[in-house]
Every structure is written in structure tokens, then in C-alpha cells.
Amino acid sequence: LIHDENVIVIDNSDMENPQEVGRYSDNHEYNYMASSGSNLITYGFPEHPPWGYWDITLFDASDPTDPILLTRNRDGGLLKCAAASGDFAYVGGASDGLRIVDISDPESPLEVDRIELNFVNDIYTFADQAFVTSRDGFYRIYDISDPESMEELGHIRWHNSLKTCAVFDDLVVCTSGGSNLVFIDVSNLNEPEIINTYSGNIHPTDLKVSGGLGFVSSHDQGLVVLDISDPHDITEISAMDSLYYDPNLIGISGEYAFLVDRFSMLVFDVSNPEQPVEIDRIRLSEPKDMLISGDFAYLINGSGSVYNNFRGRIDFNGLYVFDISNPEIVQEVGYHLTTGYSYGLTVRENLALVADGSNLGIYDCSELADIPRWTEFPEGGVINITERDTIDFDLSAHDPAGRELRIEMRSPYLPESVEFDNDEPNRAHFHWVTGLRERYRHEVIFTASNGESDNRFLLQITITDVKMPPHFTDFPREPVTAVEEDTLQFT
């Protein structure tokens, strides 16, 4: 067992009376442990670590009464970003540079090479090249045609930290630790050249490029659209400065932009880049990275919690997958609990790779295609009414494989006056005429299921009391006739 700063060996040969027979204690907080033969392998924190730096420790427990520490090594530091190409993942970290990992067997990833770099911020792979930015301002280009023996083709240095990058044609655009976008000509991979910078007081945090336009998440202005078709003459087309909280991520899918801030993912119709229109907003918490692949948006969050209408529970440290095939009805279709503090994300076919604390997490997302999709439901997942009001709405869902769905409802406190008709496949109808003295709030979970997989939707109903005047409950029901000096008595 592991407990705080102790590794404890238990003799459980007598299952009714287990006994401690050995213990190893030091100034490490142990978090995870595995065994292999007589060896114990633990992950844990040193006594005063910088956040995210983990140790891996090997113990010899051949004598269970006296476990012996054999070796201890720091494992990876803080991983921040990831990219994938073919059967290899490229993972960058705070201390151990750039790792190359063979993921041809996702259940047994194998590190095949490591390049010492100073705090990798972002990695982008394209064809046989990997483009790497780092905190020290270097932009490096590597030949990854042989991932087990990568070679640097060229590099250039900017006077500030280079963060995220986007590649199109022979041009790379990087966000900078200052307030600049940095434009780098990579037509000659051996001699990249900075050809322009753009400030515009937008303080960019992320950037994606589509059709000669640059879509920027701006710390100051939210969503900014730039014309970058001529990298020597950058012009601002529009800016959507609304109620945002530190926008830090941006994604593009067709004519839609997905802007992520600290608490939400906002969906914009950018078919007219001069007038982007917000069409949806999904609540999130502390998202750290986002990647759009096909009909799905993959997001990872850090230490915050997420309360999402399509799942109906609070989770921490997760990989969230959203179906964005209909951007006006974005809905969660997948979730995986991650093991640490997630920072970077990439996707390879049906695998999501997460730079997660000191680990590379590999998650199978192949089941996403089988998840039922909601097509009709109360917008926003919230209904606010007053007592005596009527709630009436339809629910519908479809199955990607064409299987019949059954929609079920679950809520512990709904009264018997609620009518829920789900006899028709793929559809249901909810009807409730509320009365007086109803419960203030109800949380109702609707589930669309094909028998093998399901999708849940959480509806929050809030009922406001009607302010009624007081009324008599007992009083004389008939006229009372009396003679002087008679006694009148009633309640």
C-alpha cells in the first residue's frame, strides 16, 4: 500500500487478519504504485517540487519486511503540448525537451528518442517536418522522416517567447509572449526568415488560419479576424469584443469558429468574416487545449470542474469530446477522466493523446461514432417558470447507425402530475401543468439509448413561487342569527 510518505507491505495470507510486515518512509508523497515480481514501482512527488514534476521510484521487496530503495528518477517534468504523425507522437515539456514516442501499439507506448530543449510551448507536424516553438524564443524545424533519428533543418530566434503556431503554404504564424504575431517564411526550411510582425493591440493567445484569414483569440478583444493573404500587409477585418473571460484557444471548422475562454466554448458563424455571429455557448471550466478533427472538437481541462448539461455531473481533469457536425447544436458525446493536470492535446485517427502532467495519456475514442445524438431538446438546458405555468416540449434523437432509440426520463422529485410520453421510437413528449407549492428546483435527466450506448441530457427546472394573498380556511359557512346577550363562538 501507499499512504502519504509511506510504502507499506501487508501480509494478507490470513485474509481475516492482515498484518503490516514492512515499511519504507521518506519525504516523498507517493501517489501511484505497481508491482512486477518482487519489485515495487511508485510515482510520487518530492518534498518540495515545482508543480508537475514527478519521481519514479523502484523498490526491491524480495524481503517484504525490509523494502529497499533501488533507484529514483524524475520522470518527465511538466508536459505541455503534443503532436502526432504516423505511428509517432511528439511531446514537449517544461524540463525534458522534446520526446518522440512510438504509439504503434497504443497500450504500450515506447519512447524512442529525446531532444534536449528549453521549455517547449507548441509542436506542429506537417508532412515530414515538425515545427517547434519554445519559451526562449526559438523556432525550430526538424526532419521527422526518420522519427527515431530526427535532425534539425533550421531555426530562428525571436526576442520573446514563441507560443502557438499555425502553418499554411510556406508561411508560419506564431503568437508571441508579447503582443505580437510573428510571420516566418519557411520556403527554405534550412533558413527560416521573419518577414513581418503584427501587433494591433490584440494580445493574441492562439491562432488558426483558413482561406487567407487569420482567426485569433485575443486577450483584449475576444475573436479577431485578420486578412493575412499578403503577410507583408496585415489588416484587421473584425473583432467581437463581448463578455469573455481570458480567451485562450481558437478552432476553425468550415464557416464556424470556436472560441474558448476560461468558462465556455463559444460558437461563431464566420461565413461573413466582417460580421461574425455568436450562435451557441457551452459551459466549460479551465480548458487548456482544443483540437478540431472532422466532426469533433476535443478539449482538455485542468484542475477546474465542469458542469455540463449533456452529462449531468461534475468532473475534474478530463478529456471532453463534442459533436460539432451541427454547430448550432453542439453536444458532448465523449468523456475520459485524465490522471493529472492536462495541458496539451493531439488526435491521431481514433486516438486522443494528452500531455497530462508527467504522463502521455492515450485514449481510445473509437466509440464516438456510435453515440446517439440529440436533435430536439429545450435550448440551453434550463427552464425558468412561475407556479401554475405549463411546461411543454418535445425531445428527439437519432442514432448514427439507424438503430431505434428509446428516450427515458429520471428525476426523483417530479410529481405524478407530470406527463411523459415515450412510446414512439426516437421521440418523447413532456407536459406538466405546475401547481402551487411546487418544489423550487428539479433536475431531470433524459437518456437516449440504443441498448449499447447512450447520451444523456440534463434539464434544470426552476419554479418561482406565486405571491398569493392570505385566505381563510375556517369560518362560519352560513349566516349567524343571535339575540342580544347570546354567546357566539366559532373558529
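Q: Is His203 buried, partly exposed or exposed, and which cut-offs decide this?
A: A relative accessible area under 20% is called buried, over 50% is called exposed, and partly exposed lies in between. In this predicted model, His203 has a relative accessibility of 34%, so it counts as partly exposed.

Q: Which value does phi take in Glu485, and where is Glu485 found?
A: Phi of Glu485 is near 75°, again a positive value in a residue other than glycine. Glu485 is found in the segment after strand 44 (454-464). With a relative accessible area of 83%, Glu485 is exposed, because the cut-off for that word is over 50%.

Q: Which residues make a nonpolar surface patch?
A: Val480, Leu488 and Phe490 make one of about 340 Å². Take Leu488 as your example: this residue is found in the segment after strand 44. Its relative accessible area is 53%, so Leu488 is exposed.

Q: Let's go to Gln331. Is Gln331 buried or exposed?
A: Gln331 has 3% relative accessibility, and therefore counts as buried. To find Gln331 in the structure, go to strand 33 (residues 331-337).

Q: What does the side chain of Gln331 contact?
A: There are two contacts to look at here. A polar atom of the Gln331 side chain lies 2.8 Å from the backbone oxygen of Trp374. The side chains of Gln331 and Asn455 are also joined, by a polar contact of 3.4 Å.

Q: Now for sheets. How do strands of a sheet pair?
A: The general idea is that strands pair through backbone hydrogen bonds, in either a parallel or an antiparallel way. For a case in this structure, find the open sheet of four strands in the order 24-25-26-27, where the pairing is antiparallel. Strand 24 (249-253) and strand 27 (277-283) are the edge strands, since each pairs on one side only. On average, neighbouring strands of this sheet are turned by 20° against each other, direction ignored.

Key: Residues are numbered from 1 along each chain as its sequence is written. This is a predicted model: local features need pLDDT of at least 70, side-chain atom pairs count only at pLDDT 80 or more; totals for chains, interfaces and linings use all residues. Side-chain values use heavy atoms; hydrogens and water are left out. Helices (H or I, at least four residues) and strands (E, at least two) are DSSP runs, numbered from the N terminus. Buried means under 20% relative accessible area, exposed over 50%, partly exposed in between (1.4 Å probe, protein chains only). A polar contact is a pair of N or O atoms within 3.5 Å; within protein, one must be able to donate a hydrogen and the other to accept it, and residues adjacent in sequence count only if both atoms are side-chain atoms. Patches are made of residues with over 30% relative accessible area and no salt bridge: like charges are joined within 9 Å, nonpolar side chains (Val, Leu, Ile, Met, Phe, Trp, Tyr) within 5 Å. Accessible areas come from the Shrake-Rupley method with a 1.4 Å probe; for residues, only the protein chains shown count as cover. A salt bridge is a side-chain nitrogen of Lys or Arg within 4 Å of a carboxyl oxygen of Asp or Glu. Two strands pair if DSSP finds at least two bridges between them. Axes are lines fitted to C-alpha atoms, for helices over the stretch in contact, and angles run from 0 to 180 degrees between N-to-C directions.
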